[in-house]
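Please keep the sequence and the structure at hand while reading.

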Amino acid sequence: RVEADEISTPSVPPPSKTPSPVRTAAPPVRQEPPPSITSPSILALIGANLISLVGVLFLDWKLGDVMVLFWAESAVIGFWNVIKLAIVGKWAALFAAPFFVGHFGGFMAGHFMFIYYLFVRGIDAAGPEPGVRDALLEIFVPLWPALAALFISHGVSFFTNYLPRREYLGTDLKTQMGEPYKRIIVMHLTIILGGFLTMLLRTPAAALLLLIALKTATDLYAHRKEHAR
């Protein structure tokens, strides 16, 4: 008789345990500081706004000229935002960009009509309404150097902030489409309130200088906040 304890049972190795995946902590998010006051984008922004100051002091620009110039800066911002949409959305931007242009263009058109009839033509204007082509040429031709400076200013910001800082990372189409409105709404409220203030004051030149200073300060604040990621 074979005793039970004499029966040798083969040793079975314990089942191998699959090592659990090592959980690594997510890389920390690096906070980008806002551009310094001596950065190329800040200097370009200040320089572009100073051209409107030159126009008031030496070229006899009126309130309507300054208001139209500040309005036109919104179109410049919209142009550069279309390029950002192409970077963020790639092929999807073929559909997103036209939608943005239509929506943003409607917003711009409504604001321009408000500025034109209130600050350019004036509430008390009499006589026949000028033709669209003649009116636009009369408004924009004297402003082209300032418009070019604004376009260059936002281009400098694009090539020195948006691309090198890779601000497109972590941004989707919806966010990028809404980005210009944050800055433009604040800017539009500033220039409209400043325009009414200019109309109320008895010294229009001094009021225009105050309006330009107010708009420049708003631009600086919005620019630094936008590029602090």
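The protein has 7 helices and 0 strands, and the pattern along its sequence reads α-α-α-α-α-α-α. The model is predicted, not determined by experiment. Of the 229 residues in the protein, 39% are buried. Its accessible surface comes to about 14200 Å², and carbon and sulfur atoms account for 69% of that area. Among contacts between residues at least 6 apart in sequence, 81% join residues at least 24 apart.

**Helix 1**

Helix 1 covers residues 40–58. From its first C-alpha to its last, this helix of 19 residues reaches 26 Å, close to the 27 Å expected at 1.5 Å a residue. Its buried residues are Ser41, Ile42, Leu45, Ala48, Asn49, Ser52, Gly55 and Val56. Viewed down the axis of helix 1, the buried residues fall within an arc of 145°, so they line one face of the helix. After helix 1 comes Asp60, which has a positive phi, near 60°.

**Helix 1 against helix 5**

How do helix 1 and helix 5 run relative to each other, roughly parallel or roughly antiparallel? Their axes come within 9 Å and cross at roughly 170°. Angles over 145 degrees count as roughly antiparallel, and helix 1 and helix 5 are therefore roughly antiparallel to each other. The residues that make the contact are listed below.

| Helix | Residues making the contact |
|---|---|
| Helix 1 | Pro40, Ser41, Ala44, Leu45, Ala48 and Ile51 |
| Helix 5 | Pro145, Ala146, Ala149, Leu150, Ser153, Val156, Ser157, Thr160 and Asn161 |

Ser41, Leu45 and Ala48 of helix 1 take part in this contact and are also among the buried residues of helix 1.

**Asn161**

Asn161 lies in helix 5, which spans residues 144–162. Is Asn161 buried or exposed? Buried means under 20% relative accessible area; Asn161, at 4% relative accessibility, therefore counts as buried. Leaving aside residues up to four places away in sequence, Asn161 touches Pro35, Ser41, Val156, Arg166, Glu167, His223 and His227. One of these, Ser41, is 120 residues away from Asn161 along the chain, yet their C-alpha atoms are separated by 7.7 Å. Both Ser41 and Asn161 belong to the contact between helix 1 and helix 5.

Conventions:
Residues numbered from 1 in each chain as written. Predicted model: local features only at pLDDT ≥ 70, side-chain atom pairs only at ≥ 80, totals over all residues. Heavy atoms only, no water. Helix = DSSP H or I, 4+ residues; strand = E, 2+ residues; numbered from the N terminus. Buried < 20%, exposed > 50% of the residue type's maximum accessible area, 1.4 Å probe, protein only. Contact = heavy atoms within 4.5 Å. Areas by Shrake-Rupley, 256 points an atom, 1.4 Å probe, with all protein chains shown as cover. Expected span 1.5 Å × (residues − 1). Arc of directions from axis to C-beta. Axes fitted to C-alpha atoms, helices over the stretch in contact; angles between N-to-C directions. Parallel < 35°, antiparallel > 145°, perpendicular 65-115°, else oblique.
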